[in-house]
Amino acid sequence: MKQLLAFLILIISISIMAQTKQMDVNVPAWAKKAVWYQIFPERFSNGDIFNDPTLESIKGSWPHDYKSPFEIHSWTSDWYRLEPYEKKNGKDIWFNIQRRRYGGDLQGIIDKLDYLKDLGITAIYLNPIFEAPSLHKYDASTYHHVDPHFGPDIDADKLIMAKEDPGDSNTWDWTEADKLFIKLIKEVHKRNMKIIIDGVFNHMGINSWAFQDVLKNQKNSKYKDWFTIISWDDAEKGTKFDYEGWFGVKELPELREDKNGIVEGPKDYIFDITNRWMDPDGDGDPADGIDGWRLDVAFCVQHQFWKDWRKHVKSINPDAYITAEIVDPPKDVKPYLQGDEFDAVMNYNYLFAVSDYFSDDKTAVSTSKFDKLLKDLRNAFPEEITYVQMNLNNSHDTERLLTNIVNRDKYKIRDWGHTFDLRKGSNKNYDTRKPNDYEIAVNKLITIFQFTYVGAPYVYYGEECGMWGANDPDCRKPMVWPDFKYEEEKYLPNQTLKPSADKVEFNKDLFEHYKKMISIRNDNEVLQTGKFKTLKTDDADNVYAYSRFNDKDEIIVILNNSNEEQKVNLKTNHKEYYKDLLSGQIVKTEKGTINVSIPHKWGMILKKDYYK
């Protein structure tokens with residue numbers, strides 16, 4: 001009896017261990033060393049004026065005005081000023097901003113790759129590039145073709161697409177826009193950079209070929225099970241066609257799901273286009289394809305679909321990187337980051353902690369609280385995943401970093417759902433002015449932290465040159481380039497003049513700071529893969545210090561988040577020299593102590609044994 005009891009206890013123990021054992025986690029090694037740069041294609045660079053959008057090409061997108069005058073908007077114009085062609089429709093700035101097209105395209109991105117290489121960027125994330133009528137292209141008409149207005153030959157592309165059966169991958173051909181994207185991938189790889197694209201698999205747009213077939217053929221459509229249909233056109237029953245849109249948005253019909261996620265038809269289509277973009281020539285070598293995916297509103301799709309899709313992605317390229325948009329607390333993000341779905345997420349919880357500590361002032365959290373927020377976030381996920389998280393300070397779905405600092409203490413970005421609309425330019429209490437020198441200093445301090453902390457630093461286009469703007473749509477202004485002359489921003493959203501105009505120009509000083517920080521990150525593996533240890537949390541003086549270390553190297557980072565110069569003393573076992581990688585200053589330890597003075601809103605990056 002005792003033996004039987006012991007055997008049962010052993011079986012139960014093994015079962016419990018099997019359930020609680022953390023799954024093996026494998027992430028791409030390159031992603032630990034990545035410095036990300038997010039590009040919003042329509043607003044980055046217009047490399048080909050002959051493919052610019054037309055009034056016809058925006059049909060199907062909000063605000064559904066296809067009769068008012070339409071022009072390609074001047075890249076360098078005052079953002080809030082209504083142009084003469086816009087005034088003719090009698091609508092306000094928010095209506096007209098959604099109709100604006102500036103003409104950014106793939107050739108523009110190719111033309112600027114050397115700019116990114118010079119900055120030190122090693123990985124690019126592109127917002128959606130597939131055919132869609134909107135400026136943001138989260139309303140895809142198709143997943144298997146790049147938007148013709150991003151490519152070099154619109155008419156030829158339309159002819160090719162018209163000959164296909166989009167539901168049969170065997171009939172798919174390569175358009176000129178598709179080929180230009182493959183060229184972009186090649187040019188990115190030639191510069192030893194990686195590239196990932198947006199996968200918007202929760203929904204499509206009302207222009208999508210599958211939805212249009214359902215709209216036309218109703219119950220007789222072979223794609224009727226792709227979407228969640230509420231009611232059909234039925235004269236006898238007196239019903240009209242209706243369907244589920246993403247969060248009620250009818251421009252975005254949701255792909256149907258069951259308990260296992262996206263159902264068979266659209267799931268097969270998604271798997272087919274995954275093959276197409278990850279291994280374009282189909283030879284089994286993914287070298288000519290994208291290096292991974294960013295997944296839009298991933299929290300809206302059942303877990304099982306992501307588990308199945310991950311296996312598919314990794315079967316094509318085991319080194320592919322999968323990241324997702326999930327703006328939830330760590331406990332809700334955790335199920336996605338156990339090694340069988342995503343490698344990482346856009347680390348919005350990192351952004352919230354950084355904003356709480358650096359961006360805010362009177363309502364900022366203490367240094368010790370900030371340290372705890374970081375520790376809790378690191379401990380929430382397997383260690384390998386922490387090193388490949390995308391540590392962002394802004395994106396196309398937030399106000400820009402500098403504008404968040406301008407509006408410090410106002411509307412907490414951490415309270416995402418409650419403050420999302422309050423952080424827009426349509427809120428007259430939200431300040432959309434140009435940042436001043438103090439706010440730029442805070443930005444610089446944030447980047448010192450960002451590029452020395454655990455995880456992959458992430459730069460939103462134009463962040464590096466001082467672009468500002470409120471939440472969507474103001475965070476999506478055309479890129480500010482150093483060789484362009486921009487109009488001053490004189491107008492407020494209500495079309496009245498500002499008290500004083502804001503000069504729009506490329507901030508070379510901030511650019512050089514980003515370039516230096518990226519170089520420091522790229523040149524020091526210990527900052528990419530090293531361990532993290534807190535050394536000092538001084539709540540009184542607002543000083544934070546930590547170490548990044550491995551078996552060979554150590555870098556100590558000291559941040560002065562106060563508005564005054566601070567004298568800092570740190571104990572160390574190292575008895576020789578450190579070099580501040582920011583200023584070049586040599587620091588000699590004195591009786592096992594580092595003694596330094598750090599200006600307000602600044603820091604030091606001390607590398608051990610650098611001085612010879």
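Predicted model: local features only at pLDDT ≥ 70, side-chain atom pairs only at ≥ 80, totals over all residues.
**Entry 1: the largest pocket**

I began with open space. The largest pocket holds about 1,100 Å³. I listed its lining and got 36 residues, with His136, Trp246, Asp397, Asp472 and Arg476 nearest the centre. Sorted by class, this lining has 18 nonpolar, seven polar and 11 charged residues. I then looked up where the lining residues sit. The largest share comes from α4, with four residues.

Rolling a probe the size of a water molecule over the atoms shows where empty space is left. I noted four cavities of 30 Å³ or more. The largest cavity has about 180 Å³ of space. Its lining is made of 18 residues, and Lys477, Pro478, Val480, Glu489 and Val504 are the closest to its centre. By class I wrote down 10 nonpolar, four polar and four charged residues for this lining.

The second largest cavity has about 80 Å³. Among the residues that line it are Asn347, Tyr350, Arg378, Phe381, Gln389 and Tyr453. Which helix gives the most to the lining of this second largest cavity? I found that helix α14 (residues 367-379) does, with three residues. The classes here are six nonpolar, four polar and one charged.

**Entry 2: Val480, from the lining of the largest cavity**

I picked Val480 because it is one of the residues closest to the centre of the largest cavity, and because its relative accessibility of 6% makes it buried, under the 20% cut-off. Val480 is in the loop between β14 (456-460) and β15 (489-491). Val504 is another of the residues closest to the cavity centre. Ser45 is 435 residues away from Val480 in sequence, and the two C-alpha atoms are separated by 9.4 Å.

In soluble globular proteins, nonpolar side chains tend to be buried together. I looked for such groups here. The largest nonpolar core has 161 residues, and those with the most contacts inside it are Trp36, Tyr37, Phe181, Trp293, Trp309 and Phe449. Helix α13 (residues 348-359) gives the most to this core, with eight residues. There is also a second, separate core of 13 residues, which includes Val543, Ala545, Leu570 and Ile594.

Residues up to four places away in sequence aside, Trp36 touches 
Trp30, Ile121, Ala123, Ile124, Tyr125, Ile196, Tyr321, Met390, Ala456, Pro457, Tyr458 and Val459.

**Entry 3: helix α9**

Which residues of helix α9 (residues 209-217) are buried? I noted Trp209, Ala210, Phe211 and Val214. The cover over these buried residues includes β4 (229-231), β5 (242-243), β7 and α10 (264-278). After α9 comes Gln218, with a positive phi near 50°.

I ended with two side chains and their partners. Gln38 lies in strand β1 (residues 36-39). Is Gln38 buried or exposed? Its relative accessibility is 0%, so Gln38 counts as buried. The side chain of Gln38 makes a polar contact with the side chain of His396, at 2.8 Å. Its contacts beyond four places in sequence include Tyr125, Asn127, Ser395, His396 and Tyr461.

Arg294 is in strand β10 (residues 292-295). Arg294 has a relative accessible area of 0%, so I wrote it down as buried. A polar contact of 3.1 Å joins the side chain of Arg294 to the side chain of Tyr125. Beyond its sequence neighbours, Arg294 is in contact with residues including Tyr138, Asp198, Glu325, His396 and Asp397.

Comparing the lists, I found Tyr125 and His396 among the contacts of Gln38 and also among those of Arg294. Tyr125 is touched by Trp36 too. Asp397, a contact of Arg294, takes me back to the first entry, where it lies among the residues nearest the centre of the largest pocket.

Notes. Residues numbered from 1 in each chain as written. Heavy atoms only, no water. 1 Å grid on protein atoms, 1.4 Å probe; cavity = no way out; pocket = protein on both sides within 12 Å on 5 of 7 lines; lining within 4 Å. Points joined across faces, edges and corners; volume = space filled by probe spheres on them. Nonpolar A, V, L, I, M, F, W, Y, C, P; charged D, E, K, R; others polar. Helix = DSSP H or I, 4+ residues; strand = E, 2+ residues; numbered from the N terminus. Core = buried A, V, L, I, M, F, W, Y, C linked by side-chain atoms within 4.5 Å. Buried < 20%, exposed > 50% of the residue type's maximum accessible area, 1.4 Å probe, protein only. Contact = heavy atoms within 4.5 Å. Polar contact = N/O pair within 3.5 Å; in protein donor to acceptor, adjacent residues only side chain to side chain.
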